[in-house]
Each structure stands twice: as C-alpha cells, then as structure tokens.
Amino acid sequence: MSQPSVISMNEPVHLRAKALDKSYRKGEHKVPVLRGVDVKVNRGEFLSIVGQSGSGKSTLMHLLGLLDVPDVGEVWLEGTRIDNLPERTRDELRNNVFGFVFQFYHLLPELSLLENILSPLMIRYSIWEYLRRKSELKEQAVEIAKQVGLDHRLRHRPSELSGGEMQRAAIARALIARPNVLLADEPTGNLDSRTGGDIMELLHKLNEEQQLTILMVTHDDNIARQAERIVRLSEGRIQSLNEAAQGVA
Amino acid sequence: MYKFLIANRYLRTRLIALASIISVTLGVATMIVVNSVMSGFSSQMKDRIHAILADVMIETTNTDGTPDPRQLMADVERLVGAEVEFMTPTVEIYGMISFDWGGQTVYRPVTLIGIDPNGKNHVSPFAGHMMSRQKIILDDELIRGRLRDPNEPLDWELTDDARATRKDWIEFENFRDQFDNQYGNFESPVSAPPELLSGVEAAPAIEPVSSFSLADPFDDGSSPEIQQVSGSSVDGSQENDSTANGSSANGSSISHERHERLDGTGGIQSFRDPFESTRIAEQINPMDPLPARIYVGAGLVSFPYKDKATGKTKMIYMVKPGQDVTLTTIKTGKPEPASFKATVVDFFKSGMSEYDSNLVFCNLEQLQLARGMLFSPDPSRPNEGLDWRDGAVTSLQLKLKNYNSAGDVVRKLRSGLSPHTGTFQVLTWEQKQGPLLEAVAMESAILNVLLFLIITVAGFGILAIFFMIVVEKTRDIGILKALGASSRGVMFIFLSYGLSLGIVGSGVGVVLGLLFVRYINQVEAFLSWFTGRKVFDETIYYFREIPTLVSPMMVFWVALGAIVIAVLASVLPARRAARLHPVQALRYE
Ligand SMILES: Nc1ncnc2c1ncn2[C@@H]1O[C@H](COP(=O)(O)OP(=O)(O)OP(=O)(O)O)[C@@H](O)[C@H]1O
Ligand SMILES: [Mg+2]
C-alpha cells in the first residue's frame, strides 16, 4: 500500500490537530502537558514550532505522527480523522505518510548507516520485493546520503558517527520513504550553523520542489524564522506568532 | 525484510544468547547418546532373551506337565495352526548340577530344560550362542577360533576338542582312582558314616533299588517300574553318597568320591564288582559320551579370574565340554530326588546372566526318563526307541509366522485350550520377561524425562536472556515501531530469533550426539586410558563393545522438542516486545 485511501488531494488543510489534550500521570498527580492544542498545516507549508523546554513540543509531534494517542481531541489528515484508526492502518500511515526526525536521532546501533537509512523501506516492503528492488533502493539511499553529506560514511555504525552526522542520518532516514509530511524535532539541534544551514536549505528545497509539508520544532530563532509560519507552544496552548506569514488558515 | 535483518544482527552481536543454547546443544546430544545406548542395550538384551525363549510359550502350571503332548499339540494346531510356524516341547524343572573341581565338589542350583535340538533350532536362534561356535577373544587376542559353523543346526555331538578332553579326563580319573586306591585313605569307601547319610533324606529309600539294579542293571526280567528307576537311581544313590562325602569336607572319604567320577557309563563301580565292570566295559566304551547330554550355561561353571601378574582378567572354567557332571532334580508325582549323570556337550553364552548362570539344557527324552515322565518301550535297551510324545512335557514353545499376531495367538490359546490336558499359562517371550523389559523401558523413560527437564532448564535460560535482550533493545523496538513496524513484525523478530537459536542448538546437538554414538567405543577407550581404569568392563556387561542403536524418529523428536522449547521460551519476551508503547520505548534510557 503506497498511498492510503484516506488521502484526498482537494483538501487544502493537510494536517490538523483539534483541541488536543494530553497529560501524563505521575503517581496520583496528573501532569497536563497539552491543553486544547489546535494546529492547522496546509499542504506544502513549512511550519516552525517554538516553545520553552518542557512545553510539550515533542509530545505534540508524537501525537501528530500517530506515535501516541491524545486523551482528548482529534488528529485529521487531509480531511480524515486518523488518531482512532486501527493499529495496522496507523502503522502503515507512519511508514508511508509521515517522516520522523527524532530529537535524539534514534538510529539502530546494530545497523550500518546505509541500513539505517534504508530501514523504513525494509519495513515497507516484504523480503522478496525488497531483494528484487534492492539495487534501486540502495541507489536512492546513497543519493539521499549524498544530499545530507554522508556518502563517505555509509558503512559506519551509528556509534562511530558524530552527533551531527547521526542527526543528518536521521534526516536521511526520514526522507527516504518519500513522506507527505515531515515531522522534524530539532533537526539542527546539534549542527554548527553552516551544516545546519545546509540542512535547512535541503528542507526548503524539498518543501518547494516536492510540496513536502514540514513541521519543525526548534528553539533557535534564526532557524525558526526561516519557516513560512511560526507558532509558539506555551502553557499547553498554541499562540500564533508571525501573523504576517500566516497563510489561509 | 527488516525482521530478518534485525534478528540476524541480534544473533550475530548477542553471543551471550549462544551461551544459552549450549545447554540446549548438550541436552540434545546427551539425550541422543543416552537413548541410543539404552535402545542398543535393550535390543541386544531382547535378542539374547529371544535366543533362549520362543515367541509364545504354553506352560503347564503343574511341574508334572501334561501327560498327553499329542493332544495338546493337536489343540494348538486346531486353534492357531495358521499362525504357528513351528512348535517344540520342553520339560522345565528345577534342579542342581554338581561336578568335581580342584578336589572338591561344586554344587549349583539350575533350571533344567529338556529340549529337542531340532525343534529348539526352529523356534529360537539358540545355536549361534554355543561357545563352540564362537571365537574366544580376550583383550583383542584370538584365543580360540570357531570349532563349529555357527549356522549348523543344534545336535548332541561332541566336538573333536571335547572328545579329546573326554579321553584325557577319563584317563586322568582312572589314574587318580588307582592312585587313591593304592596310597589314599584305606577306610572303607562304601560305608559313609551313618550320620552323614542320614542327612540325605532320600538315601535310604533308594538304596535297596540301587543295589538291586547294580547287581544286574540290564536284567530283562525286571519290571518296567523298577527299570525306569534304575536308569537314574544308580546315579541317584551314588549322588547321595557323593553329596554326603562332599559335605563331610574333612577329606576322610574323598577317595570314595573319586570312584564315583570314574563311572562313565552310569552305575559301574569297579571297586565293588570288578568282574561285572569288565563285562559291561565290553559293551559300552567309557570314552563314548553318556546318553544324557547337556548344554550348560557358561556362567554356571566359570568365573572371571584376574591374573595378578599380568593384570588380565580371564575366565576360568571348572568343567570342560566332554566331562561328565551329575544332575539332580525331582521326579514327577512324589517329591523324590532323581539323579543322573550327563556329558557336557557345550556351553552357551546368551549374554543374559540370568540365563547363563541358571540354565542347563538336556536332551528331552533323557530328562523325561530321569523324572519318570517317560518309560522306555524296551527296558533291556533303555536309551533306544524313546519318543517324547509318549511321555509328559511341561511346556510347548511356538514359533510364529509373524510375531505381530502374538497377542491374538495368546488370546486364542488362553480361551481355547481344553482343560482336560491340564491348566496352562500362555505367555509371549516379552510377557515372560515383562518385569525386566518394563524395568528397562521405565529406566529409559525416566532418563528421558530428566534429560528433557535439562533442555527445559535451557529453555528458561533462553527466556531470561531474551528478556534481557528485549529490555536492552527497548529503544530500538520503539524506533522500529515509530518507523511503521507492526507489533506482529516485532514479535516475529524475537520468535525467529528463538527459532534460529533452537535450530542451531539442536542441530549442533544432533551432530555432536551422533558423532559421540558413532565413536562411543573410541571415547570409552580414551576415557579408560585417561582414567587408568576400565570404564566399560566387558566381563561385567557381557558386551565386547557398547551397543548402540540410533532411531531416526528418536533423533527427530528430540531435535524437534528442543526447537519447540526454544521457540516457546521466546514467546513471552517476544510478546512483551510487541506490546511496547513506541513513545515510552523511545524515552527509555
Ligand atoms: N512519559 C512521560 N511521563 C511523564 N511525563 C512526561 C512524559 N513525557 C513527557 N513528559 C513531560 O511532559 C512535558 C513535555 O515534554 P516534551 O518532551 O514534550 O517537552 P519538549 O517541549 O519537547 O521539551 P524540549 O525542548 O526540552 O525537548 C515535560 O514536562 C515532561 O516532563
Ligand atoms: Mg522535545
């Protein structure tokens, strides 16, 4: 299944969070993290999310990317509610529609960098199909590794890479599945300004050329400003900034 | 696809898991070795038992037997004739063997079995176990080759070796008697002290008869009743004397006992009546074996002897084929002893010590005569024209065309045999040796349970290590799930991991086990050399080599069982991995 049937192309709002509530239990206490978060992201939009540490940015990303379910509220993808879908469908959506860049990279230590980049495709295809298309997929992975500047490190294990290299590998892994929505949690957090700039350039290029919808969490104002639109998460709610940049809501 | 890659990577990077399957390997190998040796032992043992016993035995509950074997055989023929290939009669009775060894008389309790050699040959492969048909090998050194072809049918003929032994033995006995007569104790050998005689109950009862028959053992006028007694009673009286002498143990009348040994033809005592002795000697050559001939279990007359000088253990035989021994048993009807002399034709060694140290096979008619189960048609020539069918037999041994029908045959015989020929017990050879075979089966069942428990323990090892790996890999599992891996896929990783461990573990175990079984005798030799003492002593176990029998089904089930255990052990960790919450797993440090 390459494209889930729930997707319809004529809805301008690509991804939408409706009144999301999420709280964590700490023994007796309920620690509310998100309290009615509403976000709309249009197709091909580049949205930055900023907020204090611990404000719930990562939590929001997890909810949007179907890694977690909200206590209250809904997540809609192209006019279809997706947070209450059966697990199999959610697994497939994660694999096909969303690309995830984790704040802490989360590469698989047993696999080489190339295999890490290929892992979403390995999950997508059955063993026969994978082996049949192996060379084609490998070329694709090498191409993406080149784009993030890692083509000289393909055989290395994650433990042999620097923080920045791991972050770029994580980005390459998120991109190889050709997602519709990229959820990037601090994709430039560990990069120097030059490399970070390169990555931002790549994201912009994908955003423009392939109409990739990007949600990016960052605490770097310079990086955030490069997005079309910035929202701030504070006290569990969204406060829109940069009203000027806001498109059709 | 990722499932195989990840499982493969975990296999290659988590060598500790391999440690857990070493116990699976060892368990599987041990199980294969133990089972192969056990079934090797038990199949050898069954062969040996079967060499003595026939497929089905019909035994009278009464030691006097059934007086009408013709009727019994007709009944059997009528009931199960279609399934029976051959039947042969036997007479089985308790008795005692006594013989002279190193100046003293040795007594052994025995079970005497009267057989028809031709019939015995048909019902069980007994002939091959005769010592004359086997090579004697001691410490890889050929001591004596085969004297006869192992496939020759059974008969009561002496081998050339036995004839030579007999000649030497009789000459030696004659010489010793003369020597004893001249220089030995001159006390009257005939009258043993009365208190010694009185210890033997039957002695007074037989004494008159024996003296009567001694006067003229071949008297035509004697009634058959007396004659039938005479054939053995002469020996009986002497046996009583010799028993008395033997038990006196003070050597006072040993010379008398010597005389007894001399009378090769049964009942000729030269010192009593030299004229008669010569007269008879003209008719019967003392070198000829007696009419009663026996096969003796090797264990009855031999013992292992360790030569201190060479350190080698060899078997010492107290009697040799060709010599005469005295057999004592009971007559039918009243509990009276019956003794007769018999020539040892051969020894047998079935390998079952229960048989080899207990059984003496005798010609059927002679045993019937001795026990009063059969009367000679012509009393002047008591050993001619005898037919066991005219006497009584205690059992009938059947050889079946197909042993699978044994249960059926036994059932038909049990219900169908007419009670007027006697009451019978019908058993297959397996039932007859039931307790022994069951004990072996039980032993191997218990061993299997114990060894399988070892593999189960190994399974718990796998379980623990897998849990460890799942915990260690929690974050990776979260990543895989975040990238779209399904719970089933994650579960599959760990199940296939367990499966591969099981396959590798039991595969190596099977190879190790089979190699061990294949080279078990070399291993035994090495261990013997290494520890300096014999691990597997053939004189104890009766086996030259450790017998093994590999059953492919057993190997298959053991290997499968180990694989199933390894997979089962990975189910719980795999389920745990599958149920991990992706976000929680990602946050796991
Ligand atoms: N599994 C959890 N159990 C309990 N509390 C949690 C859990 N996950 C997150 N929290 C709490 O929720 C809050 C939001 O966490 P989150 O990771 O979303 O913050 P964040 O905005 O991404 O911060 P940062 O900028 O430092 O990455 C934090 O206060 C955190 O302590
Ligand atoms: Mg965060």
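This text walks through the contact between two chains and the ligand that sits with them. The model is predicted.

Start with the protein–protein contact. Chain B brings 26 residues to it, and chain A brings 27. The size of an interface is often given as the accessible area lost when the parts come together. Chain B and chain A bury about 2,400 Å² between them. Of that area, 64% is on carbon and sulfur atoms.

Now look at the polar links. Six residue pairs are in polar contact between chain B and chain A, both residues at pLDDT 80 or more. One salt bridge is found across this interface. Its partners are the side chains of B:Lys473 and A:Glu110, 3.0 Å apart from N to O.

Which elements of chain B give two or more residues to the side that touches chain A? They are helices H1 (2-13), H17 (474-482), H18 (487-518) and H22 (582-587). H1(B) gives the largest share, seven residues. By type, this side of chain B has 14 nonpolar, five polar and seven charged residues.

Next, find ligand 1. It lies between chains A and B. Around ligand 1 are 13 residues, and A:Ser53, A:Gly54, A:Lys57, A:Ser58 and A:Thr59 come nearest. Nine residues of this shell are polar, two are nonpolar and two are charged. The largest share, three residues, is from H1(A).

Zoom in on the ligand's oxygen atoms. One is 2.6 Å from a side-chain N or O atom of A:Thr59. An oxygen is also 2.7 Å from a side-chain N or O atom of A:Lys57. At A:Ser55, a polar backbone atom is 3.2 Å from a ligand oxygen. Taken alone, ligand 1 exposes 630 Å², and the protein buries 71% of that.

Note on methods
Residues numbered from 1 in each chain as written. Chains lettered and ligands numbered in written order. Predicted model: local features only at pLDDT ≥ 70, side-chain atom pairs only at ≥ 80, totals over all residues. Heavy atoms only, no water. Contact = heavy atoms within 4.5 Å. Buried area = accessible area lost by both parts, 1.4 Å probe. Salt bridge = Lys/Arg side-chain N within 4 Å of Asp/Glu carboxyl O. Polar contact = N/O pair within 3.5 Å; in protein donor to acceptor, adjacent residues only side chain to side chain. Helix = DSSP H or I, 4+ residues; strand = E, 2+ residues; numbered from the N terminus. Nonpolar A, V, L, I, M, F, W, Y, C, P; charged D, E, K, R; others polar. Near = heavy atom within 4 Å. Areas by Shrake-Rupley, 256 points an atom, 1.4 Å probe, with all protein chains shown as cover.
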